[in-house]
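Please consult the sequence and the structure while working through the numbered points.

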Amino acid sequence: MALILFYDASDLDKSQLDLALSGTDHHWEFVTDKIEESNINHDAEVISVFISSNVNREVIEAMPKLKLIACRSTGFNNVDLAAAEEHSVTVVNVPTYGENTVAEYAFTMLLALMRKLPDVLKADSGQFSANNLMGRDLQGKVFGVVGTGHIGQKALKIANGFSMQCLGYDSFQKPELQDEYHFKYVELDDLLAQADIVSIHLPYLPSTHHIMNRERLEKMKPDAILINTARGELVDTEALTELLDQGRIGGACIDVIEGESMMIYHEEMVLLRSDTLPEETLRHSVQISALEKMPNVIISPHNAFNTVEAIKRINDMTAKNIIDYWFGSTPNKVAPEKKPVGKLVVVRHTESMSNALGKWTGLTDVHLSENGFKEAAMLGQAFKKLDIPIDKAYCSEQIRTRETLEGMLDAAQQFGVDIEIQAAMNERDYGEYTGKNKWEIKDSVGEEAFNNIRRGWDVAIPGGETLKMVYARVTPFYTKTVLPLLLAGNNVLIVASGNSLRALKKYLESISDEDISNVEMPFGQIIVYSITSDGLKASSEETQIDITPPNA
């Protein structure tokens with residue numbers, strides 16, 4: 001028997017959930033308010049929330065017995081999925097409760113805006129001007145659906161009833177739907193350029209945040225109407241507000257919006273009584289206030305779901321989700337969106353002044369040569385063509401690697417990248433050989449010994465490091481610092497010296513101690529690694545720029 005707490009519970013919720021759970025031996029309680037740390041029951045094993053409750057990490061960690069979060073909604077961006085996963089808490093949603101309900105509401109708002117219904121209802125029966133109340137037909141208009149899931153399909157079906165021409169966009173197309181719902185799949189930019197009405201029916205995920213950004217909104221026709229009954233965070237509210245004000249978008253039907261809690265009087269008063277006014281919340285509040293005053297906007301307080309029938313479907317499915325969970329079934333489980341593993345980019349620094357003279361530099365700080373600066377820019381130009389945005393960059397403590405890195409990023413037009421200096425990626429310490437001419441050493445010790453010194457795995461240098469010692473500091477840095485970033489979906493660039501990159505390459509490609517002596521890290525080369533989940537090379541691509549190799 002589980003202890004279940006239902007938050008955001010209305011009287012209708014209470015009656016419907018009581019009935020749906022009546023045949024179980026669970027114990028449940030209702031809380032009218034949204035979940036907060038002050039009303040948490042630390043013994044709860046299940047909580048069920050509506051979208052108005054923010055189930056953040058602090059809430060999850062305050063309930064050590066929590067096993068299940070049952071969202072009474074399709075959306076689940078109000079739950080910290082990563083925190084839930086870390087604490088072995090299952091999250092379920094109600095995926096299909098209101099496809100017709102939400103689609104009907106989208107057209108309710110659209111018809112009200114197209115036919116100027118708010119103005120019509122306010123008009124004095126004897127004083128109104130027909131010209132001022134003139135609307136537009138839906139028949140023949142191009143209706144574009146962004147997201148062709150359950151709700152999007154219902155919206156298309158309704159649009160067919162109005163004899164509209166229909167287009168659809170979805171990153172996961174189902175071509176068989178086109179004949180059934182009489183529409184054509186197109187790219188998003190094409191849909192925005194052609195549609196008279198754009199209706200959004202997407203889930204909110206990190207990958208869909210501000211999918212309707214300024215650039216995309218600007219592609220819409222100047223008299224087009226945007227409908228959002230999905231999630232507020234899908235649309236850049238600031239950009240939408242400005243474009244509506246400038247007449248570059250014809251109108252908007254908004255049921256969901258960033259900062260929508262500010263449309264509730266109680267939430268506004270809480271904000272006003274607060275010692276601090278969060279900048280983002282304050283900005284959204286002002287945007288909402290401006291939109292509410294625009295004659296070409298209809299805005300409602302997240303009400304598209306709100307019918308007796310839809311609420312019953314939500315509560316029935318929520319009860320089923322809870323019951324199923326205790327029998328080991330979670331068909332409506334949701335989880336954090338897994339970003340693809342990021343790319344690892346490695347580059348050897350370009351020609352330094354010591355390279356140009358054929359000297360072993362080691363840890364000595366020397367700048368790039370004039371030629372080296374030019375080569376760094378060439379690397380950046382080549383890297384720009386690869387179109388890999390860098391999230392984090394590392395270089396060694398030697399200035400030549402920092403100069404190469406910055407020159408490369410500047411030429412690639414990747415500005416503002418977070419750069420960190422890492423001692424673990426320092427060049428090999430050449431001890432007594434530091435500053436000496438390589439070719440003079442070769443003449444004195446012989447070619448075989450010279451090659452062992454340069455490329456061998458565990459060949460001692462008086463007062464210096466072996467490659468094995470370099471490997472011992474490079475690999476922990478990679479596995480503990482770089483790999484987690486890659487697995488989180490970040491692209492990482494490392495610019496370092498030849499030996500530290502050879503040590504990294506040995507690990508990535510599982511090169512043997514004997515074979516590492518045959519591995520060279522060429523100048524002017526960009527290596528892009530795709531990495532497996534255990535941090536090893538899955539594949540790699542090499543780009544070589546045309547340079548004259550220094551006396552390496």
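Leaving aside its neighbours within four places in sequence, with which residues is Asn228 in contact?

1. Asn228, with its neighbours within four places in sequence left aside, is in contact with Ile200, Leu234, Val235, Cys253, Ile254, Asp255 and Val256. Here contact means heavy atoms within 4.5 Å.

2. This is a predicted model, in which local features need pLDDT of at least 70 and side-chain atom pairs count only at pLDDT 80 or more, while totals for chains, interfaces and linings use all residues. Residues are numbered from 1 along each chain as its sequence is written, and side-chain values use heavy atoms, with hydrogens and water left out.

3. Asn228 lies in strand 10 (residues 225-228). Helices (H or I, at least four residues) and strands (E, at least two) are DSSP runs, numbered from the N terminus. Asn228 counts as buried because its relative accessibility is 2%; buried means under 20% relative accessible area, with a 1.4 Å probe and protein chains only. The side chain of Asn228 reaches the backbone oxygen of Arg231 at 3.0 Å.

4. Helix 4 (residues 99-114) and helix 6 (residues 150-161) have axes that come within 8 Å and cross at roughly 50°. Helix 4 is therefore oblique to helix 6. Angles under 35 degrees count as roughly parallel, over 145 as roughly antiparallel, 65 to 115 as roughly perpendicular and the rest as oblique. Axes are lines fitted to C-alpha atoms, for helices over the stretch in contact, and angles run from 0 to 180 degrees between N-to-C directions.

5. On the helix 4 side, Glu99, Asn100, Val102, Ala103, Glu104 and Phe107 meet His150, Ile151, Lys154, Ala155, Ile158 and Ala159 of helix 6. By class, this contact of helix 4 with helix 6 has seven nonpolar, two polar and three charged residues. Ala, Val, Leu, Ile, Met, Phe, Trp, Tyr, Cys and Pro count as nonpolar, Asp, Glu, Lys and Arg as charged, and the others, Gly among them, as polar.

6. Helix 6 also holds Gln153. Gln153 counts as buried because its relative accessibility is 14%. Apart from its neighbours within four places in sequence, Gln153 is in contact with Thr148, Leu177 and Tyr181.

7. Helix 1 (residues 11-20) packs with helix 13 (residues 308-326) at an angle of about 45°, their axes being 9 Å apart. The two helices, helix 1 and helix 13, are therefore oblique to each other. Among the residues making the contact are Leu12 and Leu17 of helix 1 and Ile311 and Ile323 of helix 13.

Methods:
Buried means under 20% relative accessible area, exposed over 50%, partly exposed in between (1.4 Å probe, protein chains only). A polar contact is a pair of N or O atoms within 3.5 Å; within protein, one must be able to donate a hydrogen and the other to accept it, and residues adjacent in sequence count only if both atoms are side-chain atoms.
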